[in-house]
Amino acid sequence: MKSKYILISTLVAILTLTSCTVTENLTIDNNNGGTSSSTIHVEDFFVNVLKDFSDFSAGDSNKPIMDLSVEAFRDQLIKTSTTSNVNLQKTGKNSYIINYDYSSLKTLLTDLGASKDQSVLTLNNKKLNFFLDINNYSNLTKAIPFLADPNFEPFGPTYNEGLSEADYLEMISFMLGEEGPNAIKDSLITLRFTTPSPIKTFKGGKKISDNTFEYSFPLINFLLLAQPLSFELTW
C-alpha cells in the first residue's frame with residue numbers, strides 16, 4: 001500500500017476530506033506528555049469520495065478504503081519516537097477509535113515531519129497556542145503529506161484562496177454531486193484538551209470544566225482558511 005499519512009492531534013487529514021464527525025481528546029501531563037483518544041465517524045458519502053479521488057494502491061483489495069486509510073495513520077504513529085501504546089479499534093462500518101500516548105506534545109508535529117520552526121501548534125510555559133492560516137498552512141502539509149497530494153489539493157485552501165463559501169460549495173456540487181455541499185457543511189472537527197492543573201485563561205474556544213477546554217470548527221472553515229483558525233490556552 002502506498003501510505004497516505006494522516007495526523008490526528010494536529011489535526012487533520014482524516015479530519016479534512018474523509019470525516020463528518022471527529023472528536024480529538026488530548027490530556028496533557030506536567031511534563032507536556034499525555035494521551036490522545038480520537039473518535040472518528042465517516043459517512044458513506046465521504047467513503048465514496050475517497051474511492052473516486054484517492055490513489056491508494058492496496059495490497060489487500062478486499063479491505064475497505066477507510067480501513068486502509070486509518071491503518072496507514074496508525075502505522076505512521078507507531079514509527080514515531082514521540083508516541084507509544086498505539087491502538088486502533090474499528091467500532092462500526094465507518095467508525096474508529098485511535099488511542100496513543102505521546103511523550104511530548106511540543107514536538108509531536110515535528111516528529112511527524114513538520115519543520116522545527118512550525119507555528120501551527122506551540123507549547124511553552126503552560127501556554128498552548130494553535131494558529132493556522134493560509135500563510136503557515138505549508139507547515140501542516142509537511143506533517144501531513146496527504147494534504148499536498150494532487151488528489152486532495154483541489155479541495156484545500158491553497159487552490160481555493162479567496163473563494164467565497166458559496167462559490168466553493170457550488171464547485172463541490174459540480175465535482176462531487178448534490179450531496180457534497182451539505183455533507184461538508186455538516187462536518188465538524190472538535191479538539192478537546194485536558195490540562196494537568198486548572199485553566200487560567202483561554203481564547204477562541206470554551207472551557208467545559210476546570211481542566212478541560214474545547215475548540216470546534218466546521219470543516220468548511222479549514223478547507224477555505226478565509227479566516228485563521230486559532231485558540232490560546234494557559235493553565
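This note goes through a predicted model point by point, from its core to single residues.

1. The core. The largest nonpolar core of the model holds 50 residues. Those with the most contacts inside this core are Leu105, Leu128, Leu132, Tyr168 and Phe193. Helix 9, residues 219-224, gives the largest share of the core, namely five residues. As background, nonpolar side chains in soluble globular proteins tend to be buried together.

2. Phe193, one of the core residues. Which residues does Phe193 touch, if those up to four places away in sequence are not counted? The list is Leu26, Ile28, Leu128, Asn211, Thr212, Phe213, Phe231 and Leu233. Leu128 also belongs to the residues with the most contacts inside the core.

3. Four strands form an open sheet in the order 5-6-11-8, and their pairing is antiparallel. Strand 5 (121-124) and strand 8 (201-203) are at the edges; each has a single partner strand, so one side of each has no neighbour in the sheet. On average, neighbouring strands here are turned by 10° against each other, direction ignored.

4. Strand 8 pairs with strand 11, residues 229-234, in the antiparallel sense, over three bridges. Within this pairing, Phe202 stands opposite Leu233 of strand 11. Leu233 is also among the residues that Phe193 touches.

5. Aromatic pairs. How many aromatic pairs does the count come to? The count is eight. In one of them, Phe130 and Phe231, the ring centres are 5.5 Å apart and the planes meet at 25°; stacked pairs have planes under 30 degrees apart, so this pair is stacked. Phe130 belongs to strand 6 (residues 127-132) and Phe231 to strand 11, so the pair ties together parts 101 residues apart in sequence. Both Phe130 and Phe231 are buried.

6. Because Phe193 lies in strand 7 (residues 188-194) and Phe231 in strand 11, the pair ties together parts that are 38 residues apart in sequence. Phe193 is buried, as is Phe231.

7. In strand 2, residues 34-41, the side chains alternate. Gly34, Ser36, Ser38 and Ile40 point to one face and are buried. Strand 2 pairs with strand 4 (residues 95-102) in the antiparallel sense over eight bridges.

8. Two residues with positive phi. Most residues other than glycine have a negative phi. Lys126 has a phi near 65°, which is positive although the residue is not glycine. Lys126 sits in the loop between strand 5 and strand 6. Its relative accessibility is 47%, so Lys126 counts as partly exposed. Leu225 is a further case, with a phi near 50°. Leu225 lies in the loop between helix 9 and strand 11. Is Leu225 buried or exposed? Its relative accessibility is 6%, which is under the 20% limit, so Leu225 counts as buried.

9. Thr190. This residue is in strand 7 and is buried, with a relative accessible area of 8%. The side chains of Thr190 and Ser216 are joined by a polar contact of 2.9 Å. Beyond its neighbours within four places in sequence, Thr190 is in contact with Val22, Thr23, Glu24, Glu214, Tyr215 and Ser216.

10. Gly204. Where is Gly204 placed? Gly204 is in the loop between strand 8 and strand 9 (206-209). Gly204 and Leu233 are 29 residues apart in sequence, and their C-alpha atoms are 8.8 Å apart in space. Not counting residues up to four places away in sequence, Gly204 touches Phe213, Tyr215, Ser230 and Phe231.

Technical notes. Residues are numbered from 1 along each chain as its sequence is written. This is a predicted model: local features need pLDDT of at least 70, side-chain atom pairs count only at pLDDT 80 or more; totals for chains, interfaces and linings use all residues. Side-chain values use heavy atoms; hydrogens and water are left out. A nonpolar core is a set of buried Ala, Val, Leu, Ile, Met, Phe, Trp, Tyr and Cys residues joined through side-chain atoms within 4.5 Å. Buried means under 20% relative accessible area, exposed over 50%, partly exposed in between (1.4 Å probe, protein chains only). Contact means heavy atoms within 4.5 Å. Two strands pair if DSSP finds at least two bridges between them. Axes are lines fitted to C-alpha atoms, for helices over the stretch in contact, and angles run from 0 to 180 degrees between N-to-C directions. Rings of Phe, Tyr and Trp (its six-membered ring) pair if their centres lie within 6.5 Å; planes under 30 degrees apart count as stacked, over 60 as edge-to-face and the rest as tilted. A polar contact is a pair of N or O atoms within 3.5 Å; within protein, one must be able to donate a hydrogen and the other to accept it, and residues adjacent in sequence count only if both atoms are side-chain atoms.
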